[in-house]
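Q: I would like a close look at one part of this model, taken slowly. Please keep to what can be read from the atoms.
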Amino acid sequence: MKLNINNTFTSQLPADPITENSRRQVTKACYSYVTPKQTAKPELIHVSPELLETIGLTNQDAKSKTFLNVFTGNTVLENTTPYAMCYGGHQFGHWAGQLGDGRAINLFEVEHDNVNWKVQLKGAGATPYSRTADGLAVLRSSVREYLCSEAMYHLGIPTTRALSLALSGDQVLRDVLYNGNPDYEKGAIVSRLAPSFLRFGSFEIFASRQDTATLKTVVDYTIKTHYPHLIATSASKNTATSHQEAEINKQTYVQFFNDVATRSLEMVIHWQRVGFVHGVMNTDNMSILGLTIDYGPYGWLEGYEPGWTPNTTDSQHKRYQFGTQPDIVQWNLYQLANALYPLIEEAEGLEAVLANYATQKDIQYLQMMRSKLGLSNQEQLDANLIQELEDCLQLTETDMTIFFRNLALFNTTTPSQNLVVVKDAFYNLKEVSEAIKTRWNLWFESYAERLQRDPISAEARIKNMNSVNPKYVLRNYMAQLAIDDADKGDYRLIEELFNLLKHPYAEQPKHEKWFAKRPEWARNKVGCSMLSCSS
Ligand code: AMP
Ligand code: MG
């Protein structure tokens, strides 16, 4: 197994001088060195062939003992120094202080095809940031992270990736519903990859401690490494100042913030497009690269319900419900702005970025919804058409994925016949009363009229719609079925779903059974509609 190892993060950023693995507050450092825990009986469950190739490995490599041991933390490769990152975060609207990689350990960086990947294990043991928890992960949450990160990637949504899923062989105690009934579950380890695992909280922690020096170090590193185009732009605009100053200045920080805002908006608009609910959009779970990160109690909309969240920990306030995710990103960006402020000391530029986000949020949401409807041009009244559709979708329980996929078959010549076209999306046809049918038919008429004014052909529209409205998503119950089987040692469904979700927009006739509404047994089942942060 040959990997092109690199260590830019640890060589450019300050380390915690203490190397003992004890739980503590870590100051003036971006990470602490830590060795992953030895596991009882590591066993690989699944490896992603695409990601192996991405980092320059082969399927053959993945069969080696070294691969198993490295990607479960049992062997530390020579010349590598695993570490856990220090960060803080706002959790559910409140500053939570230091959080950090409590159960993630970065192994090393791999450079392949000119891309630098950070390789991280999730569930490989305690770190200085584990607080009161064990640093471990259970099989169910690991299957969910593994399958969903790859599903998101193939949907075309920016995300961290997952390379491997393994059992640790250890038992892990968890109280799934936090109701005083803890039980042992199988421990597991996912290896995940991203160009960076830095989060908004990686910057907030230093601002909260008034440690402007380390804040500047980590922000400058992030700009140089991940946003290098910003340096060239601002330098050319500042020819009058000395080269050193011109490299990264206040304007660069504002532009950096603007780029992060743009990427974060792009990410969340994709979530709204496919019906993905993250579940825990705390600022420690917001990637500085605008990647979907930390797959915990996430879920997929089945019935179109803007107020839905799968996270039982958030069931009272529903802060992270589907419909308000773009607003939450804005709130999180506001926290990032506060963290960057000490480097800029002027609010104006940051405020302008936030104001622009607020405007763009509505514009891009509207544009995304137009694409779901196959509209190729813009009309003033599209917002009304879309609002009325969203209202209709909530009149009775209506499956989001099936509705939009089947809408591509819309009959423009006889609008009133379209209830038949989308009828599979309704969970209970009996609930679709005459009044509701009338409302739908009115909408179908407006939509038909709108389509007639749209310049593209029906064929082009259908093709466009099928490229933005997925046929297959990782419905909550599908992941749970794969977990139930995996718990019994049967990994075939993981393999089936992994392959199915590589082509979410394609017709896959042999997999048609997964293009179906959630079965009734899954409606209120733990793991299917209800998930907690316990993982
Ligand atoms: P999350 O909301 O799952 O992203 O986690 C929030 C914080 O709790 C992060 O700092 C995690 O590293 C930490 N955490 C979550 N689960 C565990 C665990 N089992 N052991 C140690 N730390 C954990
Ligand atoms: Mg997290």
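How many nonpolar, polar and charged residues are there in the lining of the largest pocket?

A: This is a predicted model. By class, the lining of the largest pocket has 12 nonpolar, 13 polar and 10 charged residues. That lining is made up of 35 residues. Those nearest the centre of the pocket are Q91, R103, R131, C533 and S535. The space inside the largest pocket comes to about 920 Å³. As for how such space is found, a probe the size of a water molecule is rolled over the atoms, and this shows where empty space is left.

The second largest pocket can be described in the same terms. Its space is about 390 Å³. The second largest pocket is lined by 23 residues, and R140, V176, E185, Q480 and I483 are the closest to its centre. Two or more residues of this lining come from each of α5 (139-154), β11 (183-194) and α18 (476-487). Sorted by class, the lining of the second largest pocket holds 9 nonpolar, 7 polar and 7 charged residues.

Helix α17 covers residues 458-468, and its buried residues are R461, M465, N466 and V468. Seen down the axis of α17, these buried residues fall within an arc of 165 degrees, so they line one face of the helix. The exposed residues E459 and K463 sit on the face of α17 turned away from that buried side. Among the elements that cover the buried residues of α17 are α10 (250-274), α12 (347-372), α14 (400-407) and α16 (434-453).

Methods:
Residues numbered from 1 in each chain as written. Chains lettered and ligands numbered in written order. Predicted model: local features only at pLDDT ≥ 70, side-chain atom pairs only at ≥ 80, totals over all residues. Heavy atoms only, no water. Buried < 20%, exposed > 50% of the residue type's maximum accessible area, 1.4 Å probe, protein only. Helix = DSSP H or I, 4+ residues; strand = E, 2+ residues; numbered from the N terminus. Arc of directions from axis to C-beta. Contact = heavy atoms within 4.5 Å. 1 Å grid on protein atoms, 1.4 Å probe; cavity = no way out; pocket = protein on both sides within 12 Å on 5 of 7 lines; lining within 4 Å. Points joined across faces, edges and corners; volume = space filled by probe spheres on them. Nonpolar A, V, L, I, M, F, W, Y, C, P; charged D, E, K, R; others polar.
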